[in-house]
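My entries follow in the order in which I looked things up.

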Amino acid sequence: MLEIKNLHVKLEEEDKAILKGVDLTVEAGKVHAIMGPNGSGKSTLSYVLSGRDGYVVTEGAAHLEGEDLLEMEPEERAAAGLFLAFQYPVEIPGVGNMTFLRTAVNAQRKARGEEEMSAADFLKVIRAKAKELNIDAEMLKRPVNVGFSGGEKKRNEILQMAMLEPKMCILDETDSGLDVDAMRLVADGVNALRDAGRGFLVITHYQRLLDHIKPDVVHIMADGRIVKTGGPDLALEVENNGYADILAEVA
Amino acid sequence: MAALARKADVTADRLAVLDLPQGGKWATEARQAALARVNAMGLPGRRDEYWKYTDPTNLTVPEAPPAALFDPRETPVFDDTERLQIVFVDGVFDAEASDDLEMAGLEISRLAEAGGHDIHWAKDVYGVLEASGQAPVERPLAALNTAYATDGVLIRVTGKAAKPVSLMYLHKSETSDAILHHTIRVEKGADLTILENGPAAARFNKCMEVDVADGAAFHHIRVQGRDHERRAATHIFARVGAAATFKSFTLTVNGRLTRNEAVIEIVGDEAVAHIAGASVGDGDFHHDDTVFVTHDAVNCESRQVFKKVLRNGATGVFQGKILVKEGAQKTDGYQISQSLLLDEDSQFLAKPELEIYADDVICSHGSTSGAIDETALFYLRSRGVPEAAATDLLVLAFLAEALDEIEDEGLREGILAHLEGWLARRRR
């Protein structure tokens, strides 16, 4: 599904390398988790994959189902099936949540040569999905993320994911700022989307999210590289001993 | 002295090509008084304080600079709204294209025909509000309009108008130079909506005087023409009575030069006056909103909301003032002027002013200039919305506060659709 090979990335504005050779393959139907200390490059990886400005790829490649991601505009990556759930979802005053989502769904359909969704069908689908995530009609009408609580913003990300039905989902610190109940709601939303044809990359700081979204593979990232890969037990090891032991072990 | 002499020359040259329309004692008196004002003030020049950001040359030269005609691919506005339509072609009334000037609760006549009649209500408005709006800031183009306007409508409203009166201005001659003057009195408790649209002429000087009596309501929604090369100088003079409502919104999406002045005087307690504008300029576009709101009564509310989206070297100007006179307590005044600059070639020049002589008031004003929010743009694109469409969404979001000033939902939706169409056609 997602294939990242020897990816090197530096900041555009200063000559500072952030990713120093990332190799990672996420298969369809699998959930991979990336854990790592602050500043290890986890969020940078998610931004580079989704096409945010400000980064320069100096070496390596990233493909989604064989298509070269790095050559595409952000909207093309989305239409190809990539989705990033933001660590800090952006507030957009003046743009209604519903208008935004409908525009996005239909833009992706159009880009893929599919028929656009009618207003009535869209309404039916979004109401059902919003209900599962405990998102009320009022939240759908409000401007995108404006005045939303931390939990509401994250649930709104998952709602977008549910509506857009991407093939490859990247979740960037989706647990940050969530209390236990909100985290469970978000995790349930993600789990409902787990599917044999869909891959997940869950970026997190803490193991606790992985209690709810059970990973198949866990990677540890440090200083711009994947330094260790293992099963779900690896996350528990981090939880119990911190990163220091693992980093010392691979150094 | 040289500057003064030059001003006198510019004025004399301009007036030399105009004829003072004849007919009717009251109208002739008003015109002659206005002509005296023009001669005393002289036409505006670049050195005048209120013309520092906008070059008036093309508005004052004797002959109108030519302007190519309307792009027929663009859609007309207000077509879905039931209305009484009055059409002017290059400033000349078109009887055939216009509806009968009759509606319950309204007396409508034309300035060109009114001179001979003794319309005493009009005597108290025509040129009167304009004259009182000449201080403290001179507006010589408005006085010139009062003196030389060839036509326009005179509307007296005594009840609730069943539908809006729509003034449509067509532009069919590349060198037309039109001067129209509308005079409106909304009587106590009456209610009128005026719609205006169209480029009008290669050069258009338009003045509208509106007297909103106690408890009356006046709504004005305007779309200023689709011909890019047209030039316009417009004035609205409004007097707003007790518990009356005055609301005006203007959308400008084209035009090489537009100067819209509004002079609003709130004279009765508990009145509300809102004036708003949304403009989107691309390339050779200069748009100037010059607004003066005077509070001379207790417990009144005023709002000025102006938003401009500029790109490819377009220029936006805002000069807005709130004057709160002594004794105008409990005034709630608000003024916002903002620009969204889509590139580094465009500019926004703003001069917000507050002058307050009462101590128990709330007045706030703000002016900002900014680029598109890159983070929001990326967020939209990451969800699959192409860059151009995402930019349009953010542009519409930026303009929303101004569009929200249109009270009627149907009209607001119509204006929004017009704007969306314009943006979509101009995507890069």
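Predicted model: local features only at pLDDT ≥ 70, side-chain atom pairs only at ≥ 80, totals over all residues.

**Cavities, pocket and interface**

Which residues lie closest to the centre of the largest cavity? Of the 13 residues in the lining, I noted B:G198, B:F204, B:R222, B:Q224 and B:T234 as the closest to the centre. Tracing the lining back to secondary structure, I found that β8 (191-197), β9 (203-212), β10 (217-223) and β11 (231-240) of chain B are the elements that give two or more residues to it. By class, I sorted the lining of the largest cavity into five nonpolar, four polar and four charged residues. For the model as a whole, I recorded seven cavities of 30 Å³ or more.

I then turned to open space, where the largest pocket has a volume of about 700 Å³. Its lining consists of 27 residues, and those closest to the centre come from both chains, namely A:G94, A:T99, B:L396, B:L416 and B:E420.

My last entries concern the interface. The size of an interface is often given as the accessible area lost when the parts come together, and for chain A and chain B I noted about 1,800 Å² buried between them, with 69% of it on carbon and sulfur atoms. In terms of contacts, 27 residues of chain A meet 15 residues of chain B.

How many salt bridges run between chain A and chain B? I counted three, and one of the salt bridges I looked up pairs A:E157 with B:R383, whose closest N and O atoms are 2.7 Å apart. I also counted ten residue pairs in polar contact between the two chains, with both residues of each pair at pLDDT 80 or more. On chain A, the side that touches chain B draws at least two residues from each of α2 (74-80), β6 (82-85), β7 (92-96), α3 (97-111) and α6 (150-164). Of these elements, α3 of chain A gives the most, with five residues. Sorted by class, I found that this side of chain A has 16 nonpolar, seven polar and four charged residues.

Methods:
Residues numbered from 1 in each chain as written. Chains lettered and ligands numbered in written order. Heavy atoms only, no water. Contact = heavy atoms within 4.5 Å. Buried area = accessible area lost by both parts, 1.4 Å probe. Salt bridge = Lys/Arg side-chain N within 4 Å of Asp/Glu carboxyl O. Polar contact = N/O pair within 3.5 Å; in protein donor to acceptor, adjacent residues only side chain to side chain. Helix = DSSP H or I, 4+ residues; strand = E, 2+ residues; numbered from the N terminus. Nonpolar A, V, L, I, M, F, W, Y, C, P; charged D, E, K, R; others polar. 1 Å grid on protein atoms, 1.4 Å probe; cavity = no way out; pocket = protein on both sides within 12 Å on 5 of 7 lines; lining within 4 Å. Points joined across faces, edges and corners; volume = space filled by probe spheres on them.
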